Amino acid sequence: MEEYHTWQSFGNSHRFSFCQYPFVISIAAKKIIIQRDSEQQMISIARQSLVDKVSRRQRPDMNMLFLNMKVRRTHLVSDSLDELTRKRADLKKKLKVTFVGEAGLDMGGLTKEWFLLLIRQIFHPDYGMFTYHKDSHCHWFSSFKCDNYSEFRLVGILMGLAVYNSITLDIRFPPCCYKKLLSPPIVPSDQNIPVGICSVTIDDLYQIMPELAHGLSELLSYEGNVEEDFYSTFQVFQEEFGIIKSYNLKPSGDKITVTNQNRKEYVQLYTDFLLNKSIYKQFAAFYYGFHSVCASNALMLLRPEEVEILVCGSPELDMHALQRSTQYDGYAKTDLTIRYFWDVVLGFPLDLQKKLLHFTTGSDRVPVGGMADLNFKISKNETSTNWLPVAHTCFNQLCLPPYKSKKDLKQKLIIGISNAEGFGLE
């Protein structure tokens, strides 16, 4: 942190700092810098709120120190959008979530669940904001024009809040998205400067639309007469709400034929149109949303792939590493129940292992530092062995009754981890 503060204070002066050479700093170290930077911003904003309240001779209360989100499960997106819009000045405070009508107290677990449910709803194909590409298993921004792009801003704010509050999200964006998110890494003061535009190649397109990219690659390597055999112009067609619309890739593009000589330009303009121009307003709203929370010099230290790891964590589950780093309370690792537990869990298919991780931590992704960073704990639950396991997601803690057989443990564990959303309290 001393290095980071020195670099922040002296900028581009000749005073040496390792932050001038971020490629030598590990992603784990960069995560610590971002977390500490976030904590300092949170403390600063909360302190300012306190000073403002006292200076107006008003009684301070604890709620003013947090970004308090109060949402209904039945209106999750609209309530979240309204709350974040109203509390824009509080985005850099510590996040706390309350579900209306539920008695759950947010020690971290409700926040994780709020992220999970909101992301799942927003990225559902029926919602129309993002298109899921099965070939590449990723989401991309819908190019449909709309009157209001505030929901794209909401997704950006969500991603920013996740990084800011050290929560991993199950989002499937291609690497190109994070490259655009750092273009530029610091929001320009001039609103006329375009944001979220980066140089893209056919390799970036392969990561999203592999079939289309393959077709364009074949056009580039075609040995015959492109003009006569393909009969294409510098024009692209897109379907929007059942209507086919055409866009020129350059002025009078509909009158310019693609030839062997200009096909490279055509492919470059086509790629740029799909990944930059056709979704500019959507991505700009997303960009500003993310940076409204995460604006920090620390972002300049990050490469696009490192932003992705900070946002999404790693999808690679190493349950043996989790077993090695697990702490126990009331159990010893040699106890029969614990041996049954690990025999069952290590034999689970990947989807059940993910459900277990989500059940106990609120996310099925692994943080930057690996499984050891989860601080996973198994506690003895001195209840009837007819009871299901219980989890405290805010503490990454699994409370396990002392089941007498492996079969009973497996059955109860699968029921528990497969039915684990909401407090169910009226």
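How many of the 15 residues of α11 are buried? I opened my notebook with that one, and α11 turned out to be mostly covered, with 12 of its 15 residues buried. For the record, buried means under 20% relative accessible area, exposed over 50%, and partly exposed in between, with a 1.4 Å probe and protein chains only.

**Ground rules.** I am working on a predicted model, where local features need pLDDT of at least 70, side-chain atom pairs count only at pLDDT 80 or more, and totals for chains, interfaces and linings use all residues. Residues are numbered from 1 along each chain as its sequence is written, and side-chain values use heavy atoms, leaving out hydrogens and water. Helices (H or I, at least four residues) and strands (E, at least two) are DSSP runs, numbered from the N terminus.

**Helix α11.** I checked the length of α11, residues 280–294. Its end C-alpha atoms are 20 Å apart, which agrees with the 21 Å that 15 residues should span at 1.5 Å a residue; the expected span is 1.5 Å times one less than the number of residues. Next I listed buried residues of α11, among them Phe-283, Phe-286, Tyr-287, Tyr-288 and Phe-290. Gln-282 and His-291 are buried too. And what covers them? The cover over the buried residues of α11 includes β4 (138–141), α5 (150–164) and α6 (175–181), where contact means heavy atoms within 4.5 Å.

**The sheet.** I then followed an open sheet of 4 strands, ordered β7-β8-β10-β9, with mixed pairing. At its edges I found β7 (327–329) and β9 (390–392), each pairing on one side only. From one strand to the next the twist averages 20 degrees, using axes that are lines fitted to C-alpha atoms and angles from 0 to 180 degrees between N-to-C directions. Two strands pair if DSSP finds at least two bridges between them. Strands β8 (377–380) and β10 (397–400) pair in the parallel sense over 4 bridges, and I noted Lys-380 opposite Leu-400 in β10.

Which residues other than glycine did I note with a positive phi? One is His-137, with phi near 55 degrees, in the loop between β3 (130–133) and β4. His-137 counts as exposed because its relative accessibility is 52%. Another is Asn-396, with phi near 50 degrees, in the loop between β9 and β10. Asn-396 has a relative accessible area of 11%, so I logged Asn-396 as buried. Last, I looked at the peptide bond from Ser-183 to Pro-184, which is cis with omega near -5 degrees. Pro-184 sits in the loop between α6 and α7 (202–206).
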